[in-house]
Amino acid sequence: MLDTDTFTTPDGRTIGGTVMDLRNITLRFGGVEAIKDISFDIREGEIRAIIGPNGAGKSSMLNVISGFYVPQEGEVWYRGKPRPQMKPYEVAQQGIARTFQNIALFEGMSVLDNVMCGRLGHMNTNILSQAIWWGKAAKEETENRAVVERVIDFLEIQAIRKTPVGRLPYGLKKRVELARALAAQPSLLLLDEPMAGMNVEEKEDMSRFILDVNDEFGTTIALIEHDMGVVMDLSDRVVVMDYGRKIGDGTPDEVRNNQDVIDAYLGVAHD
Ligand SMILES: Nc1ncnc2c1ncn2[C@@H]1O[C@H](COP(=O)(O)OP(=O)(O)OP(=O)(O)O)[C@@H](O)[C@H]1O
């Protein structure tokens, strides 16, 4: 049974029922068990962080959530159904979009064109129908353009819309990547280390944008992040991984006071 109850967080935010339920997930690469029998859920409207020391299995877990990796054991339930193996475009059609740890943009293309790429999954007309029914294609183009312009305004990147991405500083590239993911109008947004490599000011901007996306569009967000201050400020609930296992799961306060988590971060030896 999936939990459909809503609850209110300590800071007064309402979190909905389960969107994704990860059940007893085990993922192996040859002899390496990157994820060992982990279960947790992601609920409608929340910001859910996955944290843990290097090599804990966070990226592997994000790739399971995104459908890129299929675990050898366990099930991923998405919106009330077990999710079969999917191609990347099918994941996008299910309303899931992501950003990457190492920025994955087309450096020679403008910001606008990169963000337009986020609409590819929403383009239904093919070349033939564009040729015989130009009106439909034109309408679709106008709609896609309107969504992209809204995202560009929202993330305050109007001034660089024509600039080739390769010329932008790192923090802005990360913001363009977020824009491209948002252009897909996802209901579940996955962020892989959104603050990595940023200075303090860039991190503050990115934190504000993540909170605004969640607040204004109601987008559910799952993220991996190394900066503990950022994670604790942004997240409603945090899963903590260590050596492929889940060692903590709860509100930032619960996780902060969890002895296993404290030990993992202090590097206490395992039995
Ligand atoms: N494609 C792969 N092939 C083989 N082993 C892998 C692969 N991806 C991850 N691993 C191994 O799985 C384990 C977990 O790696 P993962 O990248 O998921 O951890 P992480 O918590 O994201 O680490 P980091 O914080 O350093 O990015 C590591 O031992 C890693 O070497």
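## Exercises on strands, helices and the ligand shell

Ile 38 in S4 is the bridge partner of Ile 25. The model is predicted, and local features are described where pLDDT is at least 70, side-chain atom pairs count only at pLDDT 80 or more, and totals for chains, interfaces and linings use all residues. Residues are numbered from 1 along each chain as its sequence is written.

**Exercise 1.** Work out the strand order of the open sheet that contains S4, and state which strands stand at its edges.

*Solution.* Begin with the pair that joins strand S3 (residues 18-29) to S4, which run antiparallel and are joined by eight bridges; helices (H or I, at least four residues) and strands (E, at least two) are DSSP runs numbered from the N terminus, and two strands pair if DSSP finds at least two bridges between them. Besides the bridge of Ile 25 with Ile 38, Leu 27 has Ile 35 of S4 as its partner. The two strands form a hairpin with two residues between them, and in the turn Gly 30 has a positive phi of about 55°.

Next, follow S3 to strand S6 (residues 73-78), to which five bridges join it in the antiparallel sense; here Thr 26 stands opposite Glu 73 of S6. S6 in turn pairs with S7 over two bridges, again antiparallel, and Tyr 78 has Lys 81 of S7 as its bridge partner. This hairpin of S6 and S7 also has two residues between the strands, with Arg 79 taking a positive phi near 45°.

Putting the pairs together gives an open sheet of four strands in the order S4-S3-S6-S7, with antiparallel pairing. S4 and strand S7 (81-82) each have a single partner strand, so one side of each is left without a neighbour in the sheet, and these two stand at the edges.

**Exercise 2.** Describe the six-stranded sheet and state how H1 is placed against its strands.

*Solution.* The order in this open sheet is S8-S9-S10-S5-S11-S12, and the pairing is mixed. Strand S8 (96-98) and strand S12 (245-250) are the edge strands, each pairing on one side only, and neighbouring strands are turned by 15° against each other on average, direction ignored. At one end of the order, strand S11 (residues 237-242) is joined to S12 by five bridges in the antiparallel sense, with Val 240 opposite Gly 248 of S12.

H1 lies across strand S5 (47-51), S8, strand S9 (188-192), strand S10 (220-224) and S11, running at about 155° to S9; such angles run from 0 to 180 degrees between N-to-C directions, with axes fitted to C-alpha atoms, for helices over the stretch in contact. In H1, the buried residues include Lys 58, Met 61, Leu 62 and Ile 65, where buried means 20 or more other C-beta atoms within 10 Å, exposed 12 or fewer, and partly exposed in between, C-beta atoms being placed from the backbone. After H1 comes Gly 67, whose phi is positive, near 90°.

**Exercise 3.** Identify which residues surround the ligand and which elements supply them.

*Solution.* The surrounding residues are Phe 29, Val 32, Ala 34, Gly 52, Asn 54, Gly 55, Ala 56, Gly 57, Lys 58, Ser 59 and Ser 60, a residue being near if its C-beta atom, placed from the backbone, lies within 6 Å. Two or more of them come from each of strand S4 (32-43) and helix H1 (58-66), and H1 gives the largest share, three residues. By class, the shell divides into four nonpolar, six polar and one charged, where Ala, Val, Leu, Ile, Met, Phe, Trp, Tyr, Cys and Pro count as nonpolar, Asp, Glu, Lys and Arg as charged, and the others, Gly among them, as polar.

**Exercise 4.** Classify the packing of H6 and H7 and list the residues that make the contact.

*Solution.* The axes of helix H6 (residues 170-183) and helix H7 (residues 200-217) come within 10 Å and cross at roughly 10°. H6 is therefore roughly parallel to H7, since angles under 35 degrees count as roughly parallel, over 145 as roughly antiparallel, 65 to 115 as roughly perpendicular and the rest as oblique. H6 contributes Gly 171, Lys 174, Arg 175, Leu 178 and Leu 182, while H7 contributes Glu 202, Met 206, Phe 209 and Val 213; contact means C-beta atoms, placed from the backbone, within 7 Å. The residues of this contact divide into five nonpolar, one polar and three charged.

**Exercise 5.** Determine whether Ala 264 is buried or exposed, and which residues it touches beyond its sequence neighbours.

*Solution.* Ala 264 lies in helix H10 (residues 259-266). With 22 other C-beta atoms within 10 Å, Ala 264 is buried. Leaving aside neighbours within four places in sequence, Ala 264 is in contact with Pro 53, Asp 242 and Ile 247.

How values were computed: Contact = placed C-beta atoms within 7 Å.
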